[in-house]
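Please keep the sequence and the three-dimensional view at hand while reading.

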Amino acid sequence: MARYGLYEIAKRLNDVGSINVLVPSYHCDAIVKPFEKAGVKVKFYKIDKNCNTDFVDLAKKIDMDTKAVVMIHYFGFPNEIEKYVSICKKKNVLLIEDCVQSMFSSYKGKRVGLFGDVSFVSWRKFLPLEEGASFRHNGFLMNNQSRLDIKNWLKAVKNTVENVFSKDVSIKPLSSGKVDIDRSASELVPAFFNKKPTGLTERIFRKYDIRSVVIKRRNNYAYLMEALKNSKIVLPFQKLIEGVCPSAFPLIVKEDNVDVKLRAKGISACQWRYLSPDLSRKEFKDAYFLMEHLVFLPVHEGLNMHELNHIIEEVKKLVR
Ligand SMILES: Cc1ncc(COP(=O)(O)O)c(C=O)c1O
């Protein structure tokens, strides 16, 4: 998983033992924990209600002890890369690109993850795998970590061998349907520190037909967008420009617990349910708004027409 690699990076970053990193206020808890565990102070910069970065806030928060800024390419959509690169250069801090949701996306013809100083992906977010992550660096970090290398990542991307696992995994009654706000879910388990993925994982990774994954996900995204765009739902990412490979279909709804209700209908919807306790509601109200109202719908390549229509129907029933 990406969090274990991030922990390795965080340890190497913290060479003086008193640094901080800036993380976007709307985040997956799994990117905060590795820094905390490595003794790195995590500070937050603002993300607004539409998942846009507040660059004024970011610039203001970079201080003498700031070593790196983390940016997230949300849901497969490249974030404002030029602005991040420019601010980090000017302030002389590292840029860490979180490409977990954008493993197969590119920006202006160049893969995301190739713009910052460090970047990482998590294989399980796009492939039928439980483990594995790749990291890339521009010579700043992890020079001896050949196992966490971009080579594997690029090899898989080039590979267009037949799709080995395109099974129908989306529509299943899911267990309890309760809201998971237990932070222990993103806890790091020492047994997984510095572990290589298994051979089976690496084989599946190499054999997966990435091109068809990208095409299918884009088609599924476009289909959901067409069906949901005139309803009362806010769609924060409507420009499916060339190069985007979506990880999920985000929508903003005013109703509560829509993810839980959809899961009860067998749809694997989710929300980021946990923000760091260091985020005050007053300062970061937009991040809390997103946490409470932004729902991720599945768009993965295993979905068929019947399932997509089922998702649309159930969303429309819940959101009025
Ligand atoms: C944007 C983002 N970053 C990091 C992570 C953590 O990845 P992993 O679960 O592989 O540790 C996730 C997981 O959902 C994520 O969505």
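Predicted model: local features only at pLDDT ≥ 70, side-chain atom pairs only at ≥ 80, totals over all residues.

In helix 10, the residues Leu308, Ile311 and Val315 are buried. Viewed down the axis of helix 10, these buried residues fall within an arc of 55°, so they line one face of the helix. The face turned away from this buried side of helix 10 carries exposed residues, namely Met305, His306, Asn309, Glu313 and Lys317.

Against what do the buried residues of helix 10 pack? Their partners are helix 7 (210-228) and strand 10 (294-297). Strand 10 itself has buried residues on both sides: Leu294 and Phe296 point one way, Val295 and Leu297 point the other way, and all are buried. Strand 10 pairs with strand 9 (residues 249-252) in the antiparallel sense, over four bridges. Within this pairing, Ile252 has Leu294 of strand 10 as its bridge partner.

Five of the five residues of strand 1 (residues 20-24) are buried, and the strand is accordingly described as mostly covered. Asn20, Leu22 and Pro24 point one way from strand 1, whereas Val21 and Val23 point the other way. Which strands pair with strand 1? Strand 2 (residues 41-45) pairs with strand 1 in the parallel sense over five bridges, and strand 3 (residues 66-72) pairs with strand 1, also in the parallel sense, over three bridges. Individual bridges can be located in the view: Asn20 is partnered with Lys41 in strand 2, and Val21 is partnered with Ala68 in strand 3.

Strand 8 (residues 133-137) contains Phe135. Is Phe135 buried or exposed? Phe135 is buried, because 23 other C-beta atoms lie within 10 Å, and a residue counts as buried when 20 or more do so. Phe135 and Val121 are 14 residues apart in sequence, and their C-alpha atoms are 6.7 Å apart in space.

Helix 1 (residues 2-13) has twelve residues and reaches 16 Å from its first C-alpha to its last, close to the 16 Å expected at 1.5 Å a residue. Nine of the twelve residues of helix 1 are buried, so this helix is largely enclosed by the rest of the structure. Among these buried residues are Ala2, Arg3, Tyr4 and Gly5, as well as Leu13.

Finally, the protein may be considered as a whole. The protein has ten helices and ten strands, and 40% of its 320 residues count as buried. Among contacts between residues at least 6 apart in sequence, 69% join residues at least 24 apart. The pairing of strand 1 with strand 3 and the packing of helix 10 against helix 7 may be traced in the view with these values in mind.

Notes:
Residues numbered from 1 in each chain as written. Helix = DSSP H or I, 4+ residues; strand = E, 2+ residues; numbered from the N terminus. Arc of directions from axis to C-beta. Contact = placed C-beta atoms within 7 Å. Pairing = 2+ DSSP bridges. Expected span 1.5 Å × (residues − 1).
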